[in-house]
Structure formats: C-alpha cells, structure tokens
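Work through the exercises below with the sequence and the structure open. Each task is followed by a solution in steps.

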Amino acid sequence: MKVLIADQFEQTGIDGITAAGCEVIYQPALAEQPLADALASTRADVLVVRSTKVTDAMLASGSLSLIVRAGAGVNTIDVGAASRRGIYVSNCPGKNAIAVAELTFALILALDRRIAENVIDLRAGTWNKKEYSKAKGLFGRTLGIIGYGSIGQEVAHRARAFGMPVVVWSRRFENPTDPGSPSTPLGASRIPDPGTTLVQSPEEVAERSDVLSVHLALAGGTRNFVGSSILDRLKPGSYFINTSRAEIVDQAALAEVVRNRGVRAALDVFAQEPAGSTGEFSDPIVTLPNVIGTHHIGASTEQAQEAIAAEAARIVRAYKETGKVPNVVNLATKTPATHMLVVRHRDRPGVLAHVFDRLRAGNLNVQETENVIFEGAEAAIARINLDGEPPADLLKTIAGGNQDILSLYVVKI
C-alpha cells in the first residue's frame, strides 16, 4: 500500500506508517497542481494531509481509496467528491483539544491583561504601569462556550481551575444522535460536567457571559452561525475568543460589536488567511482597536502534533490490516434501502453470486450486505438491503435457481 504524505508530518508518524508495511512517499511541500501530478504519478492508495486543500480535480487524477486529514476537521477536503468516487475520508478528532484549549486561555489572559499592548509599549521604550494596571481579572467571571465537543470540554476544565463559572450550549445536547451536530459526541450523557451549566440557546450563553469562546466545527449548518443575533447579546466590554474557524463567525457582525459595544476580541483564525504557512496577510478585522490575534496556531504544539501523527498512523494501519477505517466521516448514516432480503443458505461457492445476479436482472440495487456464518461453517445467513421490494416471481426465481438456498424472505425497513 502506497501512502503519500503531502504536508509537514512528524517522523514518528512516518515511522508508524512504515512499520505497518506501507511504502511512504513524503513530499511535504505539495499543493494544487503539483499535488494532483504526484497523485497521478505515484498512484498512491492513501493521502495524508494537514492543511493542504484536496479538490475534486486532484481526486480525478489519482487512484486513492483513503484520505486522512491529520487534524480535527475536514473542511479543506472536498468530501462530497471523495464520496462520489468511493474514497474514505478520515480525521483525527480530539487529538489537538488540549493544545487549542491552552491557546484559548492564553488569549483570554492576553485580553484581560493586555499582554500584546504591554509588549508593544515596552519595545517602543514606553513605561505605562498606570494604564496596564486596569485588568478586570478572571476569577468569578462567567465563561460561555458555544460548542461542547472535546475542545470545549477541555476549555471548561481549565476555566474551573481559574474559578470561572461556565455556561455552555451545544446542539449535541438537543439531539445527541444527530450526525450533523458540530460537537463531538458525549456518549450517553446529556449533562455537562459538574460546575457547568447547560443553557437552551447560544443567545443565552452570550447574554450570561463575560467571556464568550466558540468551539464549533465548520459544517453546512455552522457557517456564519455566530452572527448579530448572538454577538449583540454580549455585555459591553466583554471578551470574545475564536479558535475554531473564521467562517463560523459573521465577520461584519463581530466588527460591529468591537466598534460600538467595546467588545474585545482575540482570534486565532481569520477570513483572509494566506494559503501557505508564511506570506502576506491582510484582514480588516485586525486593524480594529481591541482586536488581537495569533497565526492559526491552535493545534500547533509538539504534543498535539505527535498525538495527531500517532492517530493518523493508527488509521492507516487499521485500513491496511482490516479494511476498516477509524474516524471515517463520509459513510451514509442512512442508505436509500427500503427492504431487506434475508437468505438462509448452505455455505457454498456461488450462492450469493446467484442471488446478486438475479437481483441485478430485476433492476434492484444492493445498498448493504452482511453474510453471517453459523458455527461449523456449513450454513450461513445473508442480509441484503435493497432499494426496492423484490416481486414475488423474482423471489421464486432466486429460491428455485440454486439448490443451496434453504429459505428466504423479505423485511420492510
């Protein structure tokens, strides 16, 4: 199995993938057309990327069966195009949670103590203890969290150490089985950790917060999710933190509350980020007073990158050894299947081939299939999900066309 790694990647991860018996092609500077060319020339089975964009045109040029995003989100990958081509897309959720939570609190403290302004004045030769002694402090102030996945939970843990009450909102609590929910599942529990208050809406989180931090994944339902209806509920002089994705926040609405409500903002993500890791940068939001920022470095600690590399290697190994993909994000949660054909049969060659051939002749498409072997491997039962109901005459043709079919019946699903 060939694995093309097209971004900077830890040596421990490369070693782990190599130890799984894969041929590793490490070309960390690939992007755009050179990446498409490399996919075509190497015929790689697996692509590992970090922040590099993966487009439909790139997928058309190669023979990939798996894309691993060495990070938490998959917004840089054309997941729809991958799904149409039968390519798994997987990611490494939760492995950068502590790193992002640490930066979140660094930004909260930087806002409260005006660290950036302190440094600028010191370097300019100005001493202004009188001005910079006006911090509010964090103890007893309420931290609001929108999105309570793995990162939001780590932020809440740290807030309690600072003596900050925590209020949270997450779609996961409203519908814990919703696969489109932007937060990481919390298992069976719908109750946040002790000391954390669950509220009914993101607007209520904003109303109750002295500091509001956003931790949503970027998905169809979260683009511009944090807009004026939420931001206008912030108290004058409160703090706003975004270490998730710039696209989640309505930038115009954020600029409005910074200008007119005295909200101070600390951002690690921007709408106008350069495509590469270095380059010219211009985004109007950073020109506003009371806005500070970092260079999209939330996940960029050695600890986080080592953990992500280990997880990416685990995904590749599992795929190679079992054919199954951990953390896959683009399998259908519900197929178009309407009926299940259950076939009890002797475990002999050609039985299922006969069944599938008759279904094809009947213009019925198989959506999913499972063949379970009984003890002793003499008999088996196949469960075949179909996109329609097989007519009675087709069932007779299937049952009578192979002597190893013991019985069959149809279940509506």
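The exercises that follow concern a predicted model.

**Exercise 1.** Find which residues touch the most other members of the largest nonpolar core, and which elements give two or more residues to this core.

Solution. The largest nonpolar core has 29 residues, and those touching the most other members are L212, V226, L231, F240, L254 and L267. Two or more residues come from each of strand 7 (166-169), helix 10 (202-208), strand 9 (211-214), helix 11 (228-231), helix 12 (251-260) and strand 11 (264-267). Helix 12 contributes five residues, the most to this core. Another core lies apart from this one; it has 26 residues, including F105, L107, L143 and V155.

**Exercise 2.** List the residues in contact with L267, leaving aside neighbours within four places in sequence.

Solution. With those neighbours set aside, the contacts of L267 are F240, N242, L254, I285, V291, I292, G293 and T294.

**Exercise 3.** Decide whether R360 is buried or exposed.

Solution. First locate R360: it is part of helix 14 (residues 351-361). The cut-off for exposed is over 50% relative accessible area. R360 has 58% relative accessibility, so R360 counts as exposed.

**Exercise 4.** Describe the phi angle, location and accessibility of R114 and of N327.

Solution. Most residues other than glycine have a negative phi. R114 is not a glycine, yet its phi is positive, about 50°. R114 sits in the loop between helix 5 (97-113) and helix 6 (115-123), and is partly exposed at 25% relative accessible area. N327, also not a glycine, has a positive phi near 65°. The loop holding N327 runs between helix 13 (302-322) and strand 13 (339-346). N327 is partly exposed, with a relative accessible area of 26%.

Methods. Residues are numbered from 1 along each chain as its sequence is written. This is a predicted model: local features need pLDDT of at least 70, side-chain atom pairs count only at pLDDT 80 or more; totals for chains, interfaces and linings use all residues. Side-chain values use heavy atoms; hydrogens and water are left out. A nonpolar core is a set of buried Ala, Val, Leu, Ile, Met, Phe, Trp, Tyr and Cys residues joined through side-chain atoms within 4.5 Å. Buried means under 20% relative accessible area, exposed over 50%, partly exposed in between (1.4 Å probe, protein chains only). Helices (H or I, at least four residues) and strands (E, at least two) are DSSP runs, numbered from the N terminus. Contact means heavy atoms within 4.5 Å.
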